[in-house]
Amino acid sequence: MDRENKTIRSFEGLEMQYDYLVFATGSSAFVPPIPGSDKNGVFVYRTIEDLNMIWRHAPSAKSAVVIGGGLLGLEAAKACLDLGIKETHVIEFAPRLMPRQIDEAGSDILVQKLAELNITTHTNKNTAAILGNETIKGLFFTDGTILNTDMLVISAGIKPRDELARSCRLTVGPRGGIVVNDEMRTNDEHIFAIGECALHNSMIYGLVAPGYEMADVVATQLAGDQKQFPGFDMSTKLKLIGVDVASFGDPFINGTEANSIVIQDKHKGVYKRINFTKDGKRLLGGVLVGDADDYNMLLQICKNNLVLPPDPTGLIVKGGDAGMDAGAGVVALPDDALICSCEGVTKLDICNAINEKGCETFDDIKKCTKATTGCGGCAPMVKDILEHTLKQQGKLVRKVLCEHFEYSRQELYDLIKLKDLRNFDNVVDTLGHGDGCEVCRPVVSSIIASLWNELIVTKQNATSQDSNDRFLANLQKGGTYSVVPRIPGGEITPDGLLVIAQVAKKYGLYTKITGGQRIDLFGAHVSDLPAIWEELIAAGFESGHAYGKALRTVKSCVGSTWCRFGLQDSVSYAIRIEERYRGLRAPHKIKSAVSGCIRECAEAQSKDFGIIATEKGWNLYVCGNGGSKPQHALLFATDLDSETCIKYIDRFLMFYIKTADPLTRTATWLNKMEGGIDYLRNVVIHDSLGIAEELEAEMQTLVNNYQCEWKNVVESPELRSKFNHFINAPKEKDPAVKFENMRGQIKAAAW
Amino acid sequence: MSDNNWFYVCDVEEMPHNGGVTVKYGEEQIALFYFTHRNEWYASQNLCPHKQQMALSRGMIGSQNGEPKVACPFHKKTFSLKTGVCLNSDECDSLKTYPVKVEEGKVFIGVDPSWN
């Protein structure tokens, strides 16, 4: 190196000019000047080659000694044990293990744990010589004792590679390391040093994270900006030989500057110490051994200078009362608190991911922010922040619908009603921005349908309906549709069955009985739909709304008309209910059932609302569902007469339609409702919000406005013309549709 | 665009607003979209590359950060209407797109004659 002419010359003669030079020469293992350290069986613990050599030597060793009781030394001791060496010793020059991180009492716990693993610890021990001829036989200590061994691993720290820096007269520290200032500059302003060769503020940082930070400081300055290295928080939490060990802030401070609370449980192998200011207000640092679950919270309190609760003992005692409720800690953290130090994710980043990017689960946050993807130590904090932020949002967990609307569904419902908006473009232009998407279009369409109950395929609303709604049929595998005529209460005449059979035969459809007591006809070409419905409607059928987020079926058992146990006429009541709420658009599908007695053959307790006959009338159950997360409906009111039961259902359904989030079944809606079933009962039965009359009136409007969508389509040539596959070849069916045969019927070709 | 063969599809009035229709072009199926809200026209292959379904014309259209897109009705894979690139999956192939022009109320799709 020629600093005057700013050139360097390589070993092979390559010469280069520089404007700035960066030393990133790293470090090597520090080997104390002990005579005999060149003998066979003596290793350092640093590179993969070192480990390979240890691994090859281990089978011939009966005992092993590790010099160095720091982090790596203890790891090395455990490695020796794992290599099958029965007797392992750790030698530490200082009076305790991990002297930089933990205090003597913490070290005692570690020593105890090591002893349980058959690792013997010797502290206050200074090695004078390594015994043996060519191969190690033992260690001789300055206190005159001897320890026999046939393998030695030296893990006594690192030595900065500063030889080149020394030779060109850059300032180095008394124990090595190129001296740098806060800008990572050496005493030559054109030369920087970073990483483990750099000595900053008398400190060599033997970790990767500060190394990255230093590189960033240099790069920023080279790019023309200002940046300084303020030192690095060496707080750390790790698992050593199966034991949690953590230290943060100033772990050792005491005496005149600080008070400490210490908890020591030798039986469980737990030691905790926190140091705080004399006034008890601020946390200064601490040590955790054996149980470091509180580390993240303590670190944040310490780093962000948060005010401590009146009795800080609660911070480190399980089940203790810290005077802070669980998770309140995360609330107190400032937005810029660094939660995930591996990926540099702040509290604000996580909150934004939840509030603005719609993350609702731990996995969402992981994907969105990368938090917890490094060491994973911050996972509990991230979960706390998630839980609290979601709680803050209350029922409106998905506060914002999508990028086009900054409203929840409930807010949109009220606004669309207030402004009397009746098609999607009006809604997005008035209340949102952009052009909408597959998330908000169906939600808005559903709200418009719930509000006005107008024909959904008119007013240019058709293309904003769910794909099933656009063609008033269920899109199935292969691109054909299925057709479900309404069969209220599951009651059908033989003539009705005949019509369905004839239609199915004529149009080549697959038929199956559904779970809701009706018949589904599969495999219909889109262009056949109007003709199919024309025939069904002529025979007195109407749309079953199987395609809609709407009332599906009201299932029934045969009830008192035939059943010898039946208490009430469940079929008649089911038909009455189904006809009242048919076509009702809602945030999700709604299912119902009426059972004629407590034997419950109609499975009413698995429905969004279910009715079971009693001797005196009806019991009403609400908010149940089957599906992937089955949930029983809850008993809502008992022994109702038929009119009151319907009145309550009117209010219940309208309240659900107005307040639920999109695609939320009643069970989930209730689960998220603060106050739960009691609150719902107060609103619906006791009219605690004073809206019961309004809800009933709104429902009555929807009931009055009902019309069979398919009847409208069949009767309108213009609407019928929309049901073609090709716009420029209206008669032709989709040639891509393929069927296979199964048990005498068709089935869609596999994906 | 002079290299394209423009073929007539339909009149503007026949088109649904803010949605698509299927167009027959020989053995091919093309999805044609009238994005009324943006006053834009787009055309792409009708086949969704995800599960090989002839379905994109029935998908809902919208925008993502200003980029016009269509969502397949089957599994909601979304594709840019401009470039055909799949916007929510790295594994899904892109769509073939076609130019569209409207002249005197008539809609035309441009196809490269060398494809046939």
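**Entry 1: ground rules**

I number residues from 1 along each chain as its sequence is written, and chains are lettered from A and ligands numbered from 1 in the order in which they are written. Since the model is predicted, local features need pLDDT of at least 70 and side-chain atom pairs count only at pLDDT 80 or more, while totals for chains, interfaces and linings use all residues.

**Entry 2: confidence**

I looked up the scores of the model and found ipTM 0.89 and pTM 0.56. For chain B I noted a mean pLDDT of 90, with 93% of its residues at 70 or more; pLDDT is the predictor's confidence in each residue, from 0 to 100. Within chain B, strand β4 (residues 40-45) has the highest confidence, at 96. Strand β6 (residues 53-54) of chain B has the lowest, at a mean of 91. Where pLDDT is low, the predicted coordinates should not be read in detail.

**Entry 3: chain B**

I found zero helices and twelve strands in chain B. Helices (H or I, at least four residues) and strands (E, at least two) are DSSP runs, numbered from the N terminus. Of the 116 residues in chain B, 44% are buried, a residue being buried if 20 or more other C-beta atoms, placed from the backbone, lie within 10 Å of its own. Among the contacts in chain B with a separation of 6 or more, 44% join residues 24 or more positions apart. Two residues are in contact if their C-beta atoms, placed from the backbone, lie within 7 Å.

**Entry 4: where A touches B**

I looked up the contact and found 26 residues from chain A and 31 residues from chain B. The side of chain A that touches chain B has eight nonpolar, nine polar and nine charged residues. In this scheme Ala, Val, Leu, Ile, Met, Phe, Trp, Tyr, Cys and Pro count as nonpolar, Asp, Glu, Lys and Arg as charged, and the others, Gly among them, as polar.

**Entry 5: a sheet in chain A**

I traced an open sheet of three strands in chain A, in the order β9-β10-β11, with antiparallel pairing. Two strands pair if DSSP finds at least two bridges between them.

β9(A) joins β10(A) (residues 138-141) over four bridges. Across this pairing Ala129(A) stands opposite Phe140(A), and Thr127(A) has Phe141(A) as its bridge partner. The hairpin of β9(A) and β10(A) has six residues between the strands, and Gly132(A) takes a positive phi near 120° in it.

**Entry 6: another hairpin in chain A**

I counted four bridges between the antiparallel strands β33 (residues 739-742) and β34 (residues 745-748) of chain A. Met742(A) has Gln745(A) as its bridge partner. Two residues lie between β33(A) and β34(A) in this hairpin, and Arg743(A) in the turn has a positive phi of about 45°.

Methods. A residue is buried if 20 or more other C-beta atoms lie within 10 Å of its own, exposed if 12 or fewer, and partly exposed in between; C-beta atoms are placed from the backbone.
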